[in-house]
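Dear colleague,

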Amino acid sequence: MAKQVTALIRLQCPGGQATPAPPVGPALGQHGVNIKQFVDQFNDRTKDSRGITIPVAITVFSDRSFTFEIKSPPAAVLLKQAAGIPLEKKKGGEVINGEEKQKQSGKYKASR
């Protein structure tokens, strides 16, 4: 007999650094999923993408077991990584200075 799907949860977690803290803990806890087991498996499967935001789709079954599928990172994250812009969050209102922007965009300029 096939297991019955009870929930589909979509989250974005940092690769290799997921913790039981929000948003992971509450999202999984309300469906009765073993949070520690998910965090351990997710961190193990994404250890090579450490620090990059990775979307994950978690399917929860009626017996509280789960499977999850790791998706590709959002385009914005990949573009920042290719441009060499730091992936960490800046404080609200903090702006990258003009010299830094020009230096980063300079290596992608087309020759005229």
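Asparagine 43 is buried, its relative accessible area being 17%, where buried stands for under 20% relative accessible area, exposed for over 50% and partly exposed for what lies in between (1.4 Å probe, protein chains only). The model is a predicted one, in which local features need pLDDT of at least 70 and side-chain atom pairs count only at pLDDT 80 or more, while totals for chains, interfaces and linings use all residues. Residues are numbered from 1 along each chain as its sequence is written, and side-chain values use heavy atoms, with hydrogens and water left out.

Asparagine 43 sits in helix α2; helices (H or I, at least four residues) and strands (E, at least two) are DSSP runs, numbered from the N terminus. Its side chain reaches the backbone nitrogen of alanine 18 at 2.8 Å. Neighbours within four places in sequence aside, asparagine 43 is in contact (heavy atoms within 4.5 Å) with Gly16, Gln17 and Ala18.

In α2, which spans residues 35–45, the buried residues are Phe38, Val39, Phe42 and Asn43. They lie on the same side of α2, because they cover an arc of only 120 degrees around the axis, the arc being that of the directions from the helix axis to the C-beta atoms. Their cover includes β1 (5–14), α1 (24–29), β2 (53–61) and β3 (66–70).

In the loop between α1 and α2 lies valine 33, which counts as buried at 6% relative accessibility. Not counting residues up to four places away in sequence, valine 33 touches Leu28, Val60, Arg64 and Phe66.

Methods
Polar contact = N/O pair within 3.5 Å; in protein donor to acceptor, adjacent residues only side chain to side chain.
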